[in-house]
Amino acid sequence: MTGAVLKMQFPDPESEHEAAALHHWNGDGTARLLAHDPDRRALLIERCDPGTPLRVLPLDEALDAVVALLPRLWPPADGPFLSLAEAVAGWIVALPAAWERAGRPHERRLVGLALDLLYGLADCQGEQVLVNQDLHAANVLWATREPWLAIDPKPLVGEREFSAVPMVRGTELGHSPAAVRRRLDRLSAELGLDQVRDWTIGHTMAWSIAGDTFFAEHVEIVHWLLDQP
C-alpha cells in the first residue's frame, strides 16, 4: 500500500498547474500524483518516508543529490504551463511598483539591474523544458522509492538554467557569500548551465517583495552575487 498525503492548495497562480506538472513528471524524480480534484484544488500525493529534507545534509553532499536530480526534471513540455517569458513580463511590470509600495527598501539601481537582466534573458533562452521555480532544499525529501524526491513544484516552461535558481538563492543550505557562490559554481559547472547567476539576480529581485513583506536576505544574496559587501 502506498502512503499518501492530502494537499489543499492556496488559490495562487504559481501553484495552479502543480498537478499537471506532477502528472507530467510521473514520479521520475518527484513524488507521484495519485489523484486530483481541480474544483477543490486538492491533490493526493505519494508520501515521502521518512520525509527528511535535503537541507539536513552538508552543502556538498546536498549538491551531489541536486546535480543527480535536476536533469531528470527537464522533460519537454507544453500544455497548460505558463512560459518563463510570460512570467518575466509580469515580473518586469510588478517589481518597480512593489518597490515603491514597500517604501523603496533598497537602492533603485538593483531594480534597474534586475529589469535589464530579465529583459535580455527572456529573449535569448535555449531549449524549452519543464522547470520548477521553487526547487529549494526544503522541497526535496528523502523517500523510500528513491533516495530523494521533489515536492511542491511551481512549474514554468523555460530554459534549464532557470531551474537552478532556487537552489542558489535558497537559505536552506546556508546563507553566506561562500555558500551562495559554492552553490552557483557547482550547479553551473557540473550541469553545464550558463546564465544561472543572471537568472538568480533577476528572479531573486522579482521575489524580494511579496505584498507588504520585504525579504532583506534576497537583496543580500544579490549583493553577494555582484561581489559587493
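D134 is buried, because its relative accessible area is 10%, and buried means under 20%. Keep in mind that this is a predicted model.

Who does D134 meet? Its side chain and that of K154 form a salt bridge, 3.3 Å from N to O. This pair links distant parts of the chain. D134 sits in the loop between strand 4 (129-132) and strand 5 (140-142). K154 sits in the loop between strand 6 and strand 7.

Salt bridges link K7, E18, D134, D152 and K154. Take E18 and K7. Their side chains meet in a salt bridge of 2.9 Å, N to O. E18 lies in helix 1 and K7 in strand 1 (residues 4-8), so this pair ties together parts that are 11 residues apart in sequence. Is E18 buried or exposed? E18 counts as buried, because its relative accessibility is 1%. K7 has 22%, so K7 counts as partly exposed.

D152 is partly exposed, because its relative accessible area is 22%. Look at its backbone too. D152 is not a glycine, yet its phi is positive, about 55 degrees.

How many salt bridges does a search of the whole structure find? The search finds 18. One of them joins E146 and R145, with the closest N and O atoms 3.6 Å apart. E146 counts as buried, because its relative accessibility is 16%. R145 is partly exposed, because its relative accessible area is 30%.

Next, the aromatic rings. A search of the whole structure finds 2 aromatic pairs. The rings of W91 and F162 have centres 6.1 Å apart and planes at 25 degrees, so this pair is stacked. The pair links distant parts of the chain. W91 is in helix 3 (residues 84-101), and F162 is in the loop between strand 7 (155-158) and helix 5. They are 71 residues apart.

F162 also pairs with W199. Here the centres are 5.3 Å apart and the planes are at 80 degrees, an edge-to-face pair. W199 lies in helix 7 and F162 in the loop between strand 7 and helix 5, so the pair ties together parts 37 residues apart in sequence. Put together, ring pairs link W91, F162 and W199 into a cluster.

Where does the cluster stand on burial? W91 and F162 are both buried. For F162, the reason is a relative accessible area of 0%. W199 counts as buried because its relative accessibility is 0%.

On to helix 6, residues 177-190. It has 14 residues. From its first C-alpha to its last, helix 6 reaches 20 Å, close to the 20 Å expected at 1.5 Å a residue. Which residues of helix 6 are buried? They are A179, V180, R183, L184, R186, L187 and S188. Those buried residues pack against helix 2 (59-69), helix 5 (165-169), helix 7 (196-206) and helix 8 (216-225). After helix 6 comes G192, with a positive phi near 65 degrees.

Helix 8 holds V222. V222 counts as buried, because its relative accessibility is 1%. Leaving aside neighbours within four places in sequence, V222 is in contact with L110, I201, T204 and M205. Now compare V222 with L6. They are 216 residues apart in sequence, and their C-alphas are 36 Å apart in space.

L6 takes us to the surface. L6, M8, L34 and L44 form a nonpolar patch there, with about 380 Å² of accessible area together. L34 lies in strand 2 (residues 33-37). L34 counts as partly exposed, because its relative accessibility is 41%.

Two backbone details to finish. The peptide bond from D49 to P50 is cis, with omega near 5 degrees. P50 is in the loop between strand 3 (42-46) and helix 2. Then N26, in the loop between helix 1 (18-25) and strand 2. Its phi is positive, near 55 degrees, and N26 is a residue other than glycine. N26 counts as exposed, because its relative accessibility is 58%.

Terms used: Residues are numbered from 1 along each chain as its sequence is written. This is a predicted model: local features need pLDDT of at least 70, side-chain atom pairs count only at pLDDT 80 or more; totals for chains, interfaces and linings use all residues. Side-chain values use heavy atoms; hydrogens and water are left out. Helices (H or I, at least four residues) and strands (E, at least two) are DSSP runs, numbered from the N terminus. The expected span of a helix is 1.5 Å times one less than its number of residues. Buried means under 20% relative accessible area, exposed over 50%, partly exposed in between (1.4 Å probe, protein chains only). Contact means heavy atoms within 4.5 Å. Patches are made of residues with over 30% relative accessible area and no salt bridge: like charges are joined within 9 Å, nonpolar side chains (Val, Leu, Ile, Met, Phe, Trp, Tyr) within 5 Å. Accessible areas come from the Shrake-Rupley method with a 1.4 Å probe; for residues, only the protein chains shown count as cover. A salt bridge is a side-chain nitrogen of Lys or Arg within 4 Å of a carboxyl oxygen of Asp or Glu. Rings of Phe, Tyr and Trp (its six-membered ring) pair if their centres lie within 6.5 Å; planes under 30 degrees apart count as stacked, over 60 as edge-to-face and the rest as tilted.
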